[in-house]
Every structure is written in C-alpha cells, then in structure tokens.
Amino acid sequence: MSLQRLALSRIRGTLPGNPACMGCPHNIGLKIVGRVLGERAVLVIPAGCSTIISGFWPREGFDLPILHVPFASAPAVAAGLRASHEASGVDSIVVVWSGDGAAADIGFATLSGAAVRNDDILVIVSDNEAYMNTGIQASGTTMWRALTTTTPVMGKTEERKDLALLMLMHRVPYVATASIAYPTDFAAKLEKAASIRGFRFIHLHSPCPPGWRFDSDKTVYVAKLAIETGAWILWEYSGGKLSINPVSRPYADKAKRKPLAEYLKLQGRFAHLREEDIKAIEEKIEANWRLLKELERIYSG
Amino acid sequence: MARRVLMGNTAVAEAVRLAGVQVVTAYPITPQTVIVERIAEMVERGELKARYIRVESEHSALALVYGAAAGGARAFTATSSHGLLYMYEMLWWVAGSRLPIVMAVVTRSIGPPWGLHSDHHDALTVRDTGWIIGFASSVQEAFDMTLQAFKISEDRRVMLPAMVALEGFTLSHTAEPVEMPDEKSVSEWLPPREPLPFKIEPGKAFAVGNTGPDEVTMELKWLAWRAMERSRFVIRETDLEYAKRFGLRSYGGLVEDVYAKGSDYVVVAMGAWCGDLKEAVEKLRGEGYRVGLLRIRYFRPFPWEELREVSQNAKAVLVIDRAVSIGHRGILGLEVSSAIGDRVPVKNVIAGIGGVDTGPEDFYSIVKTFIEEYESGSIEGWSIPEWYMPWMGVVSK
Ligand code: SF4
C-alpha cells in the first residue's frame with residue numbers, strides 16, 4: 001500500500017488529540033494498522049500504554065472497535081472473539097494490539113497457546129522494550145544494559161528474548177518483524193497477514209521517547225538508526241520461506257552498518273555505557289545476524 | 001422428555017448440548033474433566049454444532065469464552081478448585097462487562113495439601129465478583145440448573161454470568177436417573193442468544209473496558225448490583241416456568257424448603273450433602289423434634305428474604321458450613337447471620353472440609369446437639385463456630 005493510499009483511508013486508526021505522549025510510536029503503528037486493515041479490523045488490547053491512548057470515556061482515541069482486556073488474556077480473548085465471528089458469519093480480522101510486557105512476559109503462555117492452536121488472529125506486538133505504562137520497568141525484551149527504573153544503575157543485566165523467533169518456532173503460517181520507521185514495509189506485511197488465515201504475528205519495533213530518553217521529535221529517526229546499525233532486523237516468514245527484507249538486507253554485511261554507538265548515544269538509557277559495553281552489545285547483535293542468515297538459508301522455501 | 005442415567009458431569013454436558021452452546025473451552029482439572037471430555041466427544045461426533053477450543057490454562061479458558069460472548073456467541077466453560085483460582089482476574093472482568101456466560105464449577109478443596117475431594121472454598125471465592133452462583137444437590141438439579149443458567153444469565157433484566165456448582169465426585173461422578181426435555185422444546189424455550197448487551201464486530205468504532213471517570217466505575221458496579229437484585233425474580237420465575245413447561249418439579253426458587261417454615265429449629269446448608277442432612281432431619285422429626293432444613297440453592301443473589309421469612313418464628317438456626325473464612329466464621333454462617341442474626345441466634349458448625357465424609361449419622365448428632373444446647377440455654381446471640389471433627393473427639397471449640 002502506497003503512502004498516498006494510507007493517507008487517504010477513511011479509517012484513520014488513531015484520532016487527533018488522543019492522550020499518547022508526544023512522539024509516541026504506538027500512534028504511528030496504529031495509524032498504519034487502522035488504515036490498512038480498516039473496516040475488517042477489531043482490536044483486542046491488553047493493559048499497556050494503548051489502554052490509555054485509546055481514550056478516556058466518553059472520548060475515543062482510536063476509530064476502531066476495541067475490546068480492552070486483562071494483561072495476560074488478549075490472544076485467548078481474540079481467539080474466542082474470532083470463533084464467535086466465524087459462528088455468525090462475520091468477516092473480521094481480530095487483531096491483538098499488545099505491548100511487550102503483555103506478550104513476551106505475563107501473557108507469553110497465552111500467546112504460545114494461541115499460536116499452537118493456529119487460532120485465526122493477528123497478533124501485533126508494538127515493542128517499546130519496557131513496561132512504559134507503569135513507568136519504564138525492564139521487560140523480557142528490554143535491550144541489553146538499558147537503564148530502566150528497575151535496572152537503574154547497571155542497566156538490564158538479564159538476557160533479552162527474541163519474541164519473533166520464538167513465534168517462528170511455533171510453526172505458524174506468518175511471522176514478521178517491522179518498524180514504525182518503515183510504514184510501507186509494515187503496511188505490506190499487514191496486507192500479507194490479512195490475506196492469510198490462521199495465527200499471524202508481527203513484531204513491531206517502537207522506540208519510546210520518554211522510556212528511552214530521547215527527544216520526542218526523534219522517534220522515527222531512532223527507529224531508522226536501529227535498522228541502519230543492524231540492531232533491529234526486518235524479516236518475514238511466510239509459506240515456509242524466511243527472508244531478510246530489502247530494507248535490512250544491506251546490513252547483513254557488518255561493514256555496511258552504521259556504528260552502534262550512533263544509535264545508542266541518542267538514548268539516555270544507554271548514557272552509562274562504556275566502550276567495551278557497546279562492543280559486547282555489538283557482538284550480541286552480530287550473533288543475531290548470524291542466526292537469522294542461517295535461518296534464511298534453512299527456510300529458503 | 002427422556003429419562004437417562006447420568007453422572008453429574010455428563011448431565012451438565014447434556015444441558016450444554018441442549019442449550020446449543022456455540023463455543024466451548026476448558027482446561028482439564030479433576031473432577032471437572034469429564035464434562036469437557038464429553039462435550040469434546042459431542043462436538044467431534046457432530047451432536048453439538050460448536051467450536052471446541054483446547055486452551056493452555058484456565059485463565060485462557062475464561063478469557064476465550066469472554067471473547068466469544070463479546071462477539072455474540074453462547075459460550076460455556078467448566079473448572080474446579082485451583083483452576084477456578086487461576087481464573088480469578090477474568091471472573092471479575094467477565095462479570096464487570098455484563099456478558100452472559102455459563103460455567104460449571106465442580107467443587108474441590110484447595111491445597112495444600114493436594115486433595116481431590118469436595119468442599120466449598122473454591123466456589124465461594126467467586127462470592128463478590130458479580131457472578132450468579134448456584135449450588136446443585138442432585139444430578140437432576142445439576143442438569144436443570146445448568147440449562148436454566150443460560151436463560152437467567154441472558155435475560156435482559158440480568159446480563160450477568162452464571163456459575164453452577166456441583167459437588168466433586170458426590171455429584172460429578174455419581175450416576176442418577178435424570179429427566180431431560182427434548183431438543184426441540186428446549187430450543188423453543190431457549191432460542192439462540194441475542195448478542196446483548198453489546199457485540200464487538202468490524203465497522204463499529206466502539207470500545208468496551210476503556211478507562212473513564214471514577215464515577216463511571218461506581219455507576220457500573222451499582223448497575224451490576226441492581227441487575228443481581230433483579231435476578232432474584234428471574235431465578236424464581238425461571239424455576240417455575242421450567243417446571244411447568246417441561247413437567248418437571250419446581251425447586252422453590254433461591255431456596256428449597258424442607259419443613260423449615262414454621263419449625264422451631266431451622267438448619268441451613270447447601271450442596272450435595274443436603275440429601276443426607278434431610279435424612280437426619282426426617283429422623284429427628286420422627287422423634288418429635290420440630291426441625292426443618294432450608295437448603296440454599298443460590299448463594300448469589302443471597303436469599304436473605306427467604307431466610308428472614310422462614311426464621312421468623314424459629315427459636316434458633318444452625319448453619320452447617322463446608323467452607324470457613326479464617327479469622328471469622330464459616331462463610332455460609334457469616335452470610336446467614338448477616339441476614340437474620342439480629343432476630344434469632346445462629347449457631348455455626350464447620351464440617352466436611354477437604355471432603356471429610358459427613359453422613360446422616362453425623363448430621364443427626366450435629367443437629368440433635370444443637371437442639372439440646374438451645375433447650376439447655378447454652379445458645380444465645382453470637383458464638384464462634386464449632387469444628388465438627390469426630391476423630392479429634394467430636395468437636396473442637
Ligand atoms: S510511554 Fe512511550 S509508548 Fe507509552 S504512550 Fe508514551 S511514548 Fe507512547
């Protein structure tokens with residue numbers, strides 16, 4: 001879908017003046033979701049920033065049907081909702097719009113269950129890499145060594161789980177990563193996902209200004225740098241084939257990547273890192289690339 | 001009308017089939033499992049046209065039926081004990097959303113230690129959530145109550161989820177003859193669910209459960225409370241209508257009165273053991289004691305009016321409890337004394353915790369002791385509960 005068509009859609013996803021922070025990545029992401037999936041979409045939203053952004057009654061922050069649900073329940077609720085639509089012949093795309101806390105941590109069993117059953121739902125995890133709504137606490141997907149309010153001095157010392165690869169290992173029909181900085185890539189993935197039945201998963205990279213401590217006019221810039229430094233990799237798995245997307249492809253070559261420090265130094269959450277810390281993170285990123293290139297070779301269709 | 005010999009669990013499954021449920025899901029836990037195994041079989045054999053979805057936890061089971069109900073489907077799940085506790089957050093969410101859903105809870109004690117047998121602790125944790133809570137005392141009643149639960153829960157005046165509690169093993173795995181109305185007459189009485197109070201579907205920008213002013217939270221709670229108050233009438237009405245329509249017996253609404261009205265001594269209890277209790281009461285009546293049993297059929301809404309009426313001229317009331325609120329009285333005891341404790345002394349005995357066998361002789365001795373105590377003047381006003389534990393010397397105070 002072209003940017004122009006995205007701009008012209010009747011459904012707008014998010015509405016002006018909703019209570020998101022300035023520069024909020026969820027607003028960018030949902031704008032694209034609403035515009036691509038439009039009239040067929042209903043959202044199931046577990047607790048998180050989007051609970052707030054969607055509006056304080058009687059106001060609405062999104063122009064979509066929404067069922068708000070408890071933290072760990074969203075994929076199961078969505079599966080039930082979709083089953084009821086099937087029973088009454090309603091054409092719908094039931095979308096779980098979730099944060100990383102709900103999907104990767106507290107609701108991971110629920111997510112895994114829905115994937116194993118191949119429930120006919122689309123799960124989008126808008127990953128801002130921490131529990132932002134409760135005030136920036138570390139989550140399972142928080143970047144290595146990032147400062148959060150529960151990792152306030154050393155930064156996060158635990159590992160970081162790769163949610164999209166975990167979902168790939170559930171052998172579901174569709175898994176992709178996306179970034180709010182690449183709307184046409186994300187839109188194409190949404191369209192692709194909408195054309196498939198069964199469990200579909202998109203892991204959306206969503207830099208958060210207050211949580212990552214960068215200026216609110218830099219959300220897209222930071223998201224882009226994540227791609228250009230190789231820290232976030234865009235890939236797609238569909239029909240038995242995994243491919244690293246054209247946007248990310250050049251950065252498979254380490255020499256083509258921008259220095260990781262450029263990405264990290266924009267963010268206050270990494271201000272405490274020394275050079276060797278950055279090196280260590282770089283090595284983890286490189287290991288990720290090696291794994292993904294290998295998976296691309298294995299899942300070559 | 002058909003007559004079949006069924007276990008409590010299969011009777012519930014038959015009621016679910018007759019109700020034409022569209023989405024069923026559950027996570028296995030003893031002693032509930034047979035209900036969902038039987039339903040799975042019905043679905044696979046094509047006897048029930050429903051989606052049967054195998055979830056990975058009870059939390060997801062209730063979440064899934066919640067989603068199904070939000071999309072307009074008639075939905076059912078079942079659980080027991082720890083499974084019910086694992087659902088706890090969703091219990092509140094479902095009731096707060098005012099969605100009609102039916103759930104069977106096959107009662108079982110809560111660990112530690114692990115135990116399989118029944119008491120009422122699990123079901124009674126649901127007390128404050130906004131679910132209608134029924135307690136069956138026979139297999140026939142488990143069947144009738146389940147079928148009626150759909151009707152009551154979906155009634156426009158109610159719109160609250162309904163739970164049917166049946167005693168683990170004593171009812172769930174015990175076979176009794178059951179009278180079942182046929183499919184056609186049930187579907188005339190219980191047509192497909194209207195998608196009320198709302199239906200989440202594409203094209204309607206509409207949010208449920210979003211944030212709002214505190215006043216809205218309070219108002220919604222008040223509305224649910226009012227709906228529960230209205231459900232008293234709907235439950236009584238449904239009990240009568242069902243009996244009349246299908247030629248089955250009416251139980252008496254929220255309670256079943258077994259000689260209670262007009263008796264000097266009223267025993268209050270709920271659940272399957274009321275059968276044995278009835279036997280004891282009858283024996284005592286044969287010996288000249290003016291005693292009756294008031295069986296609580298619905299714990300929510302709580303039948304305070306019925307209790308007040310029945311106990312009006314009673315000398316004393318005895319509540320036999322299968323669950324205790326540690327730090328206070330038995331849970332049913334608390335409820336009964338809050339309804340009538342201002343006018344008549346209420347003695348509370350706690351028995352049968354963890355499934356400890358309590359038979360007609362035990363009840364005979366519990367009730368007889370109570371009457372003798374009253375007549376010798378040792379029961380007045382408030383008292384701490386008594387624990388009936390014969391292996392420890394009958395009673396530990
Ligand atoms: S904390 Fe971050 S993700 Fe949450 S609303 Fe604000 S900008 Fe958006």
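Q: How do the residues lining the largest cavity divide into nonpolar, polar and charged?
A: The lining has 9 nonpolar residues, 2 polar ones and no charged ones. Ala, Val, Leu, Ile, Met, Phe, Trp, Tyr, Cys and Pro count as nonpolar, Asp, Glu, Lys and Arg as charged, and the others, Gly among them, as polar. The model is predicted, so local features need pLDDT of at least 70 and side-chain atom pairs pLDDT 80 or more, while totals for chains, interfaces and linings use all residues; side-chain values use heavy atoms, without hydrogens or water. Residues are numbered from 1 along each chain as its sequence is written, with chains lettered from A and ligands numbered from 1 in the order written.

Q: What volume does the largest cavity have?
A: Its volume is about 40 Å³. On a 1 Å grid over the protein atoms alone, a 1.4 Å probe fits in a cavity but cannot get out, and lining residues have an atom within 4 Å of a point.

Q: Which elements supply at least two residues each to that lining?
A: They are H4, strand E3 (93-98) and helix H5 (100-106) of chain A. Helices are DSSP runs of H or I with at least four residues, and strands are E runs of at least two. The lining includes A:Ala74 and A:Pro75, which are also among the buried residues of H4(A).

Q: Changing topic, which residues surround the ligand?
A: Among them are A:Cys21, A:Cys24, A:His26, A:Cys49, A:Asn128 and A:Cys208, each with a heavy atom within 4 Å of the ligand. Helix H2 (25-37), helix H3 (49-53) and helix H9 (209-212) of chain A each give two or more residues to this shell.

Q: How many residues of the shell are charged?
A: The shell has no charged residues; it divides into 9 nonpolar and 2 polar.

Q: Where does the largest share of the lining of the largest pocket come from?
A: H9(B) gives the largest share, 11 residues. A pocket is an open set of points with protein on both sides within 12 Å along at least five of seven lines. The largest pocket has a volume of about 1300 Å³, and B:Gly96, B:Ser97, B:Leu220, B:Lys221 and B:Ala224 lie nearest its centre.

Methods
Buried < 20%, exposed > 50% of the residue type's maximum accessible area, 1.4 Å probe, protein only. Points joined across faces, edges and corners; volume = space filled by probe spheres on them.
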